[in-house]
Amino acid sequence: MEYVSPEGLRLDGRRPMEMRQLRAEIGTVAKANGSAVFEMGNTKVIAAVYGPREVQNRSQQINDQALVRCEYSMANFSTGDRMRKPKGDRRSTEISLVIRQTMEACILTHLMPRSQIDIFVQVLQADGGTRSACINAATLALADAGIPMRDIVTSCSAGYLNSTPLLDLNYIEDSAGGPDVTVGILPKLDKVTLLQMDAKLPVDIFETVMGLAIEGCKAIANYIREVLLENTKQLEYRRGL
Amino acid sequence: MVGLSVGEKHFIQGGIAQDLRSDGRKRLTYRPIYVETGVIPQAHGSARVRLGATDVIASVKAELGKPSALQPDKGKIAIYVDCSPTAAPMFEGRGGEELSTELSVALQRCLLGGKSGAGAGIDPTSLVVVEGKVCWDLYIDGLVISSDGNLLDALAAAIKAALSNTGIPKVDVAVETRSDEQPEVNISDEEFLQFDTSGIPVIVTLTKVGRHYIVDATSEEESQMSSAVSISVNRKGHICGLTKRGGVGLDPSIILDMISVAKHVSEQLINKLDSEIAAAEASEEES
Amino acid sequence: MAAKPGSAPVTYSPNLGQKTRPPIFKDNDLDWVRPDGRGFHQCRPAFFRTGAVNSASGSAYAELGSTKVIVSVFGPRESKKAMMYSDTGRLNCNVSYTTFATPVRGQGSDHKEFSSMLLKALEGAIMLETFPKTTVDVFALVLESGGSDLPVVISCASLALADAGIMMYDLVAAVSVSCLGKNLVIDPVLEEESYQDGSLMLTCMPSRYEVTQLTFTGEWSTPDINEAMQLCLDACSKLGKVMRTCLKEAASASQE
């Protein structure tokens with residue numbers, strides 16, 4: 001199948017290095033301490049953060065840092081064909097773990113000992129790149145909850161199809177079976193916190209694909225900062241400052 | 001569980017007794033309802049309903065299936081509700097399952113009518129393509145994103161809105177198939193059939209706090225309830241389902257009184273909801 | 001464990017208070033007979049027996065027509081460690097079907113909601129504050145499903161709770177009514193339930209005249225609701241008497 005047309009356009013009309021449209025909204029779940037919706041094209045996820053609060057299960061308490069927990073779940077209607085999956089299947093357990101580890105790396109957990117932070121991400125629509133979208137949404141929700149972080153984490157994926165590096169794969173491109181590199185970075189510190197790839201790639205091409213994904217992450221970071229700044233301005237305005 | 005101090009409890013109960021609730025509403029006033037349709041493009045129909053801090057999404061998906069042998073002239077409708085852990089940390093893992101089942105069953109009871117299909121809000125015979133062979137299976141999924149009480153009413157409203165937003169592809173049946181064969185069908189991409197949603201009931205939950213009952217209770221108010229009755233009423237003023245949800249016993253005459261109150265409240269709610277749905281549909285078409 | 005051949009089964013059928021009731025049956029409807037030959041407003045013979053399970057703190061067996069149910073009650077016993085402290089007791093209910101309960105093997109499992117319905121029907125009748133920090137477990141097993149399963153389970157469970165000596169305000173009696181066409185049919189059997197246009201289940205405490213649980217399905221008009229509720233309440237009070245007799249018999253037998 002041809003994923004990039006001779007004119008250099010992808011199936012959804014994007015250029016190979018073009019990202020899908022981003023949209024983010026902060027504070028959608030009123031009862032949570034922090035929450036955000038993050039959309040990348042048709043992929044739409046909600047993240048909610050509860051905490052820092054008392055540890056629910058005493059045996060999990062850590063005396064010198066905060067306990068970070070994460071649960072990823074997909075809505076029944078999120079995918080094209082409707083299926084009813086039991087909660088906690090292997091895929092969602094794995095993604096929960098990835099998100100938890102990525103977020104734990106940027107939260108200043110040592111400032112909140114003996115407490116617990118819960119991150120819940122819910123996929124409303126899945127169209128490729130849910131992993132990245134979840135991480136981006138979780139970052140926004142953590143920032144909304146006012147949890148101290150080293151830096152924001154942003155994530156983006158890139159692939160390699162028809163000998164072309166492609167940024168931000170959608171579902172069709174993702175299921176083509178080609179390599180899929182998901183990168184998470186701390187943009188200010190310029191550090192990589194998450195790197196995943198399936199399938200195989202020659203090292204030199206991998207470097208270009210990863211470079212592309214990092215560029216994507218940086219673009220997302222700029223957008224997220226804008227959203228946060230706008231949100232802060234709104235809050236400031238409401239306070240009458 | 002909402003942790004409330006004794007003072008807060010008294011404040012809520014006292015407010016309800018004086019017909020002035022803590023958010024300024026009267027006992028029988030709903031919070032403002034916001035409806036947004038077409039929120040899930042992948043589904044055949046979807047809607048998001050917000051009632052104060054309660055936020056739910058309903059989606060409708062239709063798949064071609066085979067009607068059951070017992071009821072060859074009816075399509076199948078299934079309603080599932082899921083409580084997302086984003087709504088409350090207690091829904092994490094399997095924690096939300098109990099509430100999800102309870103809500104699903106209550107919605108099924110209120111919307112799908114009796115076993116024979118009589119009194120259903122959605123006419124299951126309208127889903128049949130070829131009798132005994134092909135029918136639409138309708139999957140209605142509800143998702144609770146944020147919870148601040150009165151989930152059942154919000155979910156029923158969301159399902160009503162999602163169904164009026166639903167377009168089911170028109171199906172052409174290839175002629176000349178023998179009676180024992182599965183007929184070939186052709187799903188149209190352009191023509192869609194709309195549902196008649198005027199018969200779909202709304203659910204009014206009356207929560208009894210002290211000696212009075214209130215509609216659209218917040219989760220703080222729900223924690224003070226002695227019992228709650230969810231009544232589904234359609235436009236004709238007929239009761240389409242009723243569930244008593246927990247709590248202490250009630251005198252039969254009180255229940256009958258609650259039913260008449262619910263009927264009265266439902267008229268306003270149906271009108272309000274219909275105009276909200278129409279407005280949401282209009283704004284969706286514009287964009 | 002069936003009714004002894006010698007003792008006649010205790011039947012009860014509610015009488016309606018109104019004397020001049022408009023005929024609700026059309027001419028052709030009158031020909032229609034119920035599968036087991038009962039009148040529309042006649043319940044099945046009810047048989048109750050307490051003490052069916054030796055290892056439980058209380059248990060009861062109920063048989064209405066072909067519906068056979070056994071309920072055992074354990075506790076009050078210490079709540080699980082993970083549970084938070086509570087100054088009232090907890091009730092835990094579970095309803096399950098045997099694999100041979102239904103005509104087609106293993107079809108009785110689609111009743112997940114029965115457990116929570118049972119809980120809600122009973123919790124209003126039990127004095128939960130008399131056993132803080134502890135849990136009472138109610139396990140119901142439907143041996144044979146013959147229609148009106150849930151009402152039978154609820155009535156039987158309240159007997160089992162009484163047998164276990166759990167403090168209750170009153171026994172809980174439950175009856176359901178099916179709406180078939182224009183007729184209201186009390187205590188429906190499986191066959192009637194599968195054709196019903198609407199149904200109503202009412203559980204109440206007969207002596208206190210309080211409704212603990214009420215569910216409606218299908219479309220109902222107000223006069224129908226009134227009639228059906230009256231019918232159920234009347235049947236519940238009569239069923240309550242049958243249950244009470246069963247408890248008295250058990251108590252006098254143990255004294256001897």
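Two strands pair if DSSP finds at least two bridges between them. Helices (H or I, at least four residues) and strands (E, at least two) are DSSP runs, numbered from the N terminus. The model is predicted, so local features need pLDDT of at least 70 and side-chain atom pairs pLDDT 80 or more, while totals for chains, interfaces and linings use all residues. Residues count from 1 along each chain as its sequence is written, and chains are lettered from A, ligands numbered from 1, in the order written.

Chains B and C, then. Strand 12 of chain B runs antiparallel to strand 9 (residues 210–220) of chain C, with four bridges joining them. One pair of bridge partners is B:Gly241 and C:Thr217.

Now the whole contact. 29 residues of chain B touch 32 residues of chain C, where contact means C-beta atoms, placed from the backbone, within 7 Å. On the chain B side, strand 12 gives the most, nine residues.

Next, chain A. Helix 2 (residues 130–144) and helix 4 (residues 203–239) of chain A pack at about 30°, with axes 11 Å apart. Axes are lines fitted to C-alpha atoms, for helices over the stretch in contact, and angles run from 0 to 180 degrees between N-to-C directions. That makes helix 2 of chain A roughly parallel to helix 4 of chain A, because angles under 35 degrees count as roughly parallel, over 145 as roughly antiparallel, 65 to 115 as roughly perpendicular and the rest as oblique. Among the residues making this contact are A:Leu140 of helix 2 and A:Ile224 of helix 4 of chain A.

Technical notes: Two residues are in contact if their C-beta atoms, placed from the backbone, lie within 7 Å.
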